[in-house]
Amino acid sequence: MFSFHFMVNAFRAGTIVAVAGGLMGWFMVLRRQAFAGHTLAVLGFPGAAGAVWLGFNAAWGYFGLCGLAALLIAVLPRGGSGRSHESAGIGVVQAFGLAAGFLFVSLYHGYLNGVSSLLFGSFLGITDTQVLVVLLVSVGAVGALAVAGRPLLFASVDADVAAARGVPVRAVSAGFLLVLGLTVAEISQITGALLVFTVLVMPAAAAQALTSRPAAGLAASVLIALGITWGALTAAYHSSWPIGFWIATFGFAVYLAASAWRGWRSRR
């Protein structure tokens, strides 16, 4: 398998994506922002389609629209209804983004590298340049988490107390969403817009079912993401089934096992 350069690049990019996705996803699940993360993932599709329609590289569309959408979600008014009001605004952004994406696809009359590639991605055509870009963005995202990890954790667990202690909760939240958007954009180029969520939410949800300790949970999320990614790449290489199916299947199986373990432990 590793005698093929495209598989070496697939494992390189998959490893980088798994580490960044496992870390960012753990905070996303802890902050109950899975819907926001899903919206950012979906908006990678209209971003890439719009960039190709305008004659730019699809990567510019991924990063541009995911970053813009993250900032837009960050400034959505919370209102008196709290998270329900915010979720409604996020849903509106997602619906409009999907509609715009299909419009860009219909307006572009050339070969769009396959709509399925934009939606479901491909681990098997990754270039050296893409690996480098993914690495640079991931290093930036992990570095931002390392710098702002403590206030982010404090604001995620109890925002009111964190604000009372002087933590700039609003700024921390906006910064996290922006880093999450850029992370989603880099993962989208590998997994496609619709399968980013499998890398972000499944390992993190399984890790939080196994332990509530932050350090252990972050480590477990990364290890699970790595196992899912490596297993899916290997299974896709030795079968005719797509990589997306294997990632989602392995992630779902791990989550079910972690949930069963948590249920058994709580009964004990």
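**Exercise 1. State where Ser173 is placed and whether Ser173 is buried or exposed.**

Step 1. Ser173 sits in helix α9; helices are DSSP runs of H or I with at least four residues, numbered from the N terminus. The model is predicted: local features need pLDDT of at least 70, side-chain atom pairs count only at pLDDT 80 or more, and totals for chains, interfaces and linings use all residues. Residues are numbered from 1 along each chain as its sequence is written, and side-chain values use heavy atoms, with hydrogens and water left out.

Step 2. The relative accessibility of Ser173 is 17%, so Ser173 counts as buried. Buried means under 20% relative accessible area, exposed over 50%, and partly exposed in between (1.4 Å probe, protein chains only).

Step 3. Neighbours within four places in sequence left aside, Ser173 is in contact (heavy atoms within 4.5 Å) with Arg31 and Gln33.

Step 4. The side chains of Ser173 and Arg31 make a polar contact at 3.1 Å. A polar contact is a pair of N or O atoms within 3.5 Å; within protein, one must be able to donate a hydrogen and the other to accept it, and residues adjacent in sequence count only if both atoms are side-chain atoms.

**Exercise 2. Describe how α9 and α10 pack.**

Step 1. Two packed helices are described by the angle between their axes and the distance between the axes.

Step 2. Helix α9 covers residues 169-191 and helix α10 residues 196-210; their angle is about 125° and their axes are 8 Å apart. Axes are lines fitted to C-alpha atoms, for helices over the stretch in contact, and angles run from 0 to 180 degrees between N-to-C directions.

Step 3. The pair α9 and α10 is therefore oblique. Angles under 35 degrees count as roughly parallel, over 145 as roughly antiparallel, 65 to 115 as roughly perpendicular and the rest as oblique.

Step 4. From α9, Leu180, Val184, Ile187, Ser188 and Thr191 meet Val196, Val199 and Leu200 of α10. By class, this contact has six nonpolar, two polar and no charged residues. Ala, Val, Leu, Ile, Met, Phe, Trp, Tyr, Cys and Pro count as nonpolar, Asp, Glu, Lys and Arg as charged, and the others, Gly among them, as polar.

Step 5. Thr191 in α9 is buried at 2% relative accessibility.

Step 6. Ala205 in α10 is partly exposed, at 21%. Sequence neighbours within four places aside, Ala205 is in contact with Val29 and Tyr255.

**Exercise 3. Locate the bend in α7 and list what covers its buried residues.**

Step 1. Helix α7 (residues 128-157) bends by about 70° at Ala148, and Pro151 follows within four residues. The bend at a residue is the angle between axes fitted to the seven residues ending there and the seven starting there.

Step 2. Buried residues of α7 include Val131, Ala141, Leu145, Gly149 and Leu152.

Step 3. Their cover includes α1 (5-30), α4 (58-74), α8 (159-164) and α9.

**Exercise 4. Summarise the chain.**

Step 1. The protein chain has twelve helices and zero strands.

Step 2. Of its 268 residues, 47% count as buried.

Key
Helices (H or I, at least four residues) and strands (E, at least two) are DSSP runs, numbered from the N terminus.
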